Amino acid sequence: MRWSQSHIYTLKEAPSDAEIPSHKLMIRAGLIKKLAPGLYTYGPLALRAIRKFENIIRQELDSRGGTEILMPIVHPRELWEETNRWEEMGAGLLKFKNRNEHWFCLGATHEEAVVDFVRNDVKSYKDLPKNIYQVQTKYRDEIRPRFGLMRGREFIMKDAYTFDADQASALKSYDVMYNAYKAIFDRLGVKYRIVQADAGNIGGSQTHEFQLLADAGEDSLLVSDTTDFAANIEVCPAIDSIAHVSHEAPKEIEKFATPGLKTIADLSKSTGVQEKDLVKTLFFSSNDRTNPKDTSLKPICVLLRGSDELNPIKLKNVLKLTNAPLMLTDAEVREVSGAHPGSCGPVGLKIPIYMDTGVQGLKNVIVGANEDGFHLKNVNFPKDFQATQIVDIRMAKAGDKCPESNGKLQAFRGIEVGHVFYLGKKYSEKMKATFLDSQGKAQAFEMGCYGIGVSRTVQACIEQNHDQDGIVWPQAIAPFDVHICLLDTKDPNAVEVCLKIEKELVAKGLDVLIDDRDERPGFKFKDADLLGMPYRIVIGKKGLEQNEVELVIRRTKEVSKVSPDVVSSLVKRA
């Protein structure tokens, strides 16, 4: 490709709304251009990288029996109502009416559509298994799109779906796709971890995330320092590295005045008791509003050590909810407990109480008295209050014990780029998608679903691979393998050498970008560093007088002056 014939425009500065390095670099390099919040046009370089990544995905899935299809992005309401997700997906599902007053949505995910595609065709166990995938645009109406393609409203995703006759076969299909994902991300040449995860609105009983490690990653990961254990903080078990257990003898409850003490920090400072030895009381609604007809509050109480943080995903899973529970308002707390937040505790409550495992080792604790401006001291479980369930609902943290060994957990940041789910019969039963087994009996399909954020992965690669000068592309998805800077565009000999080298590189299967603009060398070099192709070849009149061209390896910035006749032999394919 010739730069002068392309549509590549670079910027010296990134716009003010670009916050993280990869977003800034993609805007500056002309890879993406903002059309509206969360909506971007992919420039030619971004599209080349996306297509290369898609080809890697197709090669790995096709080799494992995957069949590619393409489903619509517009879905009828009736399809989503079969699974109850028309309401469950909430405001993230963009809904609209057509001219005939029929409701539709833009596909945020395609489980319903793919089940509908399969259920009228596959009639017998003899037709199974099936592995169907697509590369398609998706739309989720993010409340706060940010970070470019990391959290956009419209994005490119590869989603795959497996259909099997029984659970054992479905888990084999899961393993096939799990290994396919490992092969895909290994080919990218990036640093990633596979972690245990939460299934979210997709559902399912087994799930793993593929996380690219990056300082600007939105996800917090905890990784063992002694085993292969790794988990998203959302689901990581919280186990104290040293058991926090009090051996005090129980004392009698006392009520005491605490005017103006509304936080754990205030209470700790006033009483001299460390926050880890205090108990905080939180209130939530166990009605996650997935059923619009059910407007009841369904209040619950949650108890944690004062130094711990609630994990809303764990609480959601304990309560078997679709979405994380909402905290009660101050007015609702007063209605439930008799006091405002800050003066509440478990003693005397008439609602379910979920106590974190970290609380059960405490004795003679201080809690709110459910009377404004008062607390109780010397409260003990189970003498003074009962718990509906004692369960791990706190956020794990670095330094906690590894669940699989005596090692400790270390913290990393990650960008979720892939997710694999074993779904079971969650969708097939609701949509009455069945086949006849070997006994002639109708059975619902066992399913799995598997997603890769294609456009997000491209940006994640840049977030992990850049320096102060620009992008450092992994060669597997670099828009071009080689960036030739032709310095003297009007010198016949320089042009001739450039064309000869280009021909040799193309014959090796390499993609070549020639910067043939009439610009100063320094300007071209700045742009070459910004765009970040793996190899740069500099061809100029002065160098050719010495029978030399310059070869620069972008990742290491190693510079070699070599003969034009051998330079192409030094450039390697990914």
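Q: Which strand holds E446?
A: This is a predicted model, in which local features need pLDDT of at least 70, side-chain atom pairs count only at pLDDT 80 or more, and totals for chains, interfaces and linings use all residues. Residues are numbered from 1 along each chain as its sequence is written, and side-chain values use heavy atoms, without hydrogens and water. Strands are DSSP runs of E, at least two residues, numbered from the N terminus. Residues 446–453 form the strand that holds E446, namely β24.

Q: How far from E446 is the nearest side chain of opposite charge?
A: E446 is buried, a word for under 20% relative accessible area with a 1.4 Å probe, protein chains only. E446 has no salt bridge, which would need a side-chain nitrogen of Lys or Arg within 4 Å of a carboxyl oxygen of Asp or Glu. Lys and Arg count as positive, Asp and Glu as negative, while His and the chain ends are not counted. The nearest side chain of opposite charge is K425, at 4.3 Å.

Q: Is A528 buried or exposed?
A: A528 sits in helix α13, residues 521–531; a helix is a DSSP run of H or I, at least four residues. Exposed would take over 50% relative accessible area, and partly exposed lies in between. Because its relative accessibility is 4%, A528 counts as buried.

Q: How many disulfides are there?
A: A disulfide is a pair of cysteine sulfur atoms within 2.5 Å. The sulfur of C449 is too far for a bond, because the closest cysteine sulfur, in C105, is 16 Å away. By this rule the number of disulfides is zero.
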